[in-house]
Amino acid sequence: MADAASSAAPNANRPHIRRLSEGTVNRIAAGEVVERPASAVKELVENAIDAGASRIEVAISAGGKTLIAVDDDGCGMTADDLSLAVERHATSKLAVNDTGTEDLVHIQSLGFRGEALPSIGAVARLGIVSRPAGEEGHALKVEGGKVSGPKPSSAAPGTRIEVRDLFYATPARLKFLKSDRAEAQAVGDVMRRIAMANPRVGFALTHEGRTSLRMDAETDATDDGAQLSRLSRILGRDFQDNVMPVEIEREGVRIAGFAGLPTFNRGNAQAQYLFVNGRPVRDKLLIGAVRGAYADFLARDRHPVLALFVEIDPAEVDVNVHPAKAEVRFRDPGLIRALIVKSLRMALDAAGHRASTTVAGAALSSFQPGAHAGHQPPPQRHLMELAARSFAPTQGAGAPPSVPGMEETSPLQHQNLPKDLAGFDQPAARVEETSADDLMDRPLGAARGQLHLTYIVAETHNGLVLVDQHAAHERLVHERMKKALANTGIKRQALLVPEVVELGADEAAALADRSDELAELGLVIEPFGDGTIIVRETPAMLGDTDIQGLVKDLADEVADLGQALSLKEKLDEVSGTMACHGSVRAGRRLTAVEMNALLREMEVTPHSGQCNHGRPTYVTLSLPDIEKLFGRR
């Protein structure tokens, strides 16, 4: 008997599979769809857009915890529609195909799961009043999953949804919500993203009676114009002034939008707005493609500002991979990535040497009294004296008289440029016998001198330009290396005496393993004993360069890349490192010919508005802004 009892005990304790109650199922589903007030707002606003609304107004209290109210002027719902709308997996947004089943491939709407309203009703007090145009209105309530109604109700055409006491039916969820302010900010972010993708729809958002977002439907005749106008309203005037249009269409995929200049960047990726068929997404593929496109123009800890819209056949993208539809999966991810990179590179190329206007704004702000906390600005007269002591003027047409103790130069004195500026006597960059007044008509003006042997000062008819000579030359060398590698290969120059560079054993071995690839980039090296590398040839365009520093920096670069990537795949980083070592250094005195040659080459070189690390190469200060500094305006 004892044996029988002991053998039965395990069966008695074995867990049995059972169906969950409907209420529990609904609450679990609600947790997947409605994570916080912002999630509920997103679902309800997207429903309004799918209903054809041209105006959507949202009001929240306590960050959306106690109230979310969404009013729209969409198509409205009948009494029968209302009853079905709060049942799970009931939707009007899936077409039925020829076989009589719902089509989950060609999804044209933002919502389609039929979970939003029943999920919200399972964890909150939900009220809906709706009326189709020309018909009677009806109201319905859901509290903790229990439905009452619908019943006739007076209402304007469209739909009003109220969500009160979110998560009252699941109190544990309330503990994980953030402060009212943080939740309200999340709601605002959701509203802004949806508004960006729908410029023809008017939006409003109020929190505790205070309006935080209000914008009418855009009326610009063109879609691109309406899109830019809407983005500028949300992201500010700086966005409009510092972005480039993006557009490309291949194999049924269209990518459009606006991308920021490299010098218009942020410390994180929060200012990157990505959309697929009008749906705001945070997709790793898209974010990675953006980073790849800007890799040559930004430091690794800086991120571009942009808004990109991907339009694709719904059959080519799966929007059903995430309960909140925040992620998507493309059938051909390689095509999407390639098109994003290409479209952004085309836009960056078209920008030429432009630098963002925010660079000048930041420079002007630094001149304002009190801009540097704890330091009193020196009197203007002292500033002028300080500038005079560090300013190396040029002589020639329109130049000021020489200052005792300063090196005198003539803008036409040297027709053959020194070796470290080799290549700037190209036809596009050659400084002919041109008057300073004519040079002032050029975008970057006429060189007037140097500050601290580091910054070129140029004058234009409308103001002045300050150029970082090392950063600018670094970008020019980098672009020439890229062009040479793509066209004819980088020319090399043999060293009369090979240079021996001592590295660690692992570093030397890793660099030696990449010797063939480095040779394509113009650097010929060989292993030379344990932990030592010998350099026999260097890229000719670098001229006399610090070979020791160059090789050590490249060793660090190769170590960061690892063995998975070829140097050609990471050409931007590697050639950027070489360009840095082959550029005019800060502290090097330049003649007027050299300075003007540098300016002319910048004007015809793509991306010369920023160095290889994303920093601006020049700042433009307009004459009106300068006059404001001195109280003349």
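Predicted model: local features only at pLDDT ≥ 70, side-chain atom pairs only at ≥ 80, totals over all residues.

Biologist: Thanks! Let's start with α10 and α11: at what angle do they pack?

Modeller: Helix α10 (residues 284–293) and helix α11 (residues 333–350) pack at about 35°, and their axes are 9 Å apart. The crossing of α10 past α11 is right-handed.

Biologist: Which residues of α10 and α11 meet there?

Modeller: From α10 there are Leu 285, Leu 286, Gly 288, Ala 289, Val 290, Gly 292 and Ala 293. On the α11 side they meet Pro 333, Ile 336, Arg 337, Ile 340, Val 341, Leu 344, Arg 345 and Leu 348.

Biologist: And by class, what is in the contact of α10 with α11?

Modeller: That contact has 11 nonpolar residues, along with two polar and two charged ones.

Biologist: Nice. How do α3 and α5 cross, left-handed or right-handed?

Modeller: The crossing of α3 past α5 is left-handed. The axes of α3 (residues 37–50) and α5 (residues 116–123) come within 10 Å and cross at roughly 140°.

Biologist: Which residues make the contact there?

Modeller: Ala 40, Glu 43, Leu 44 and Asn 47 come from α3, while α5 brings Ala 116, Leu 117 and Ile 120. By class, the contact of α3 with α5 has five nonpolar residues, one polar and one charged.

Biologist: Switching to strands: in what order do β22, β23 and β24 sit in their open sheet?

Modeller: The order is β22-β24-β23, with antiparallel pairing. The edge strands are β22 (492–502) and β23 (524–527), each pairing on one side only. From one strand to the next, the twist averages 20°.

Biologist: How many bridges join β22 to β24?

Modeller: Seven bridges join β22 to β24 (residues 532–539). As one example, Glu 502 has Thr 532 in β24 as its bridge partner.

Biologist: Which helix lies across β23 and β24?

Modeller: That's α16 (residues 505–513), which runs at about 40° to β24.

Biologist: Last one: why is Leu 67 classed as buried?

Modeller: Leu 67 counts as buried because its relative accessible area is 15%, and the cut-off is under 20%. The residue is found in strand β2 (residues 67–72).

Biologist: What is Leu 67 in contact with, leaving aside neighbours within four places in sequence?

Modeller: Leu 67 is in contact with Ala 59, Ile 60, Ser 61, Val 163 and Arg 164. There's also Glu 162, which is 95 residues from Leu 67 in sequence and 7.0 Å from it in space, C-alpha to C-alpha.

Methods: Residues numbered from 1 in each chain as written. Heavy atoms only, no water. Helix = DSSP H or I, 4+ residues; strand = E, 2+ residues; numbered from the N terminus. Buried < 20%, exposed > 50% of the residue type's maximum accessible area, 1.4 Å probe, protein only. Contact = heavy atoms within 4.5 Å. Axes fitted to C-alpha atoms, helices over the stretch in contact; angles between N-to-C directions. Left-handed = near helix turned anticlockwise from the far one by under 90°. Nonpolar A, V, L, I, M, F, W, Y, C, P; charged D, E, K, R; others polar. Pairing = 2+ DSSP bridges.
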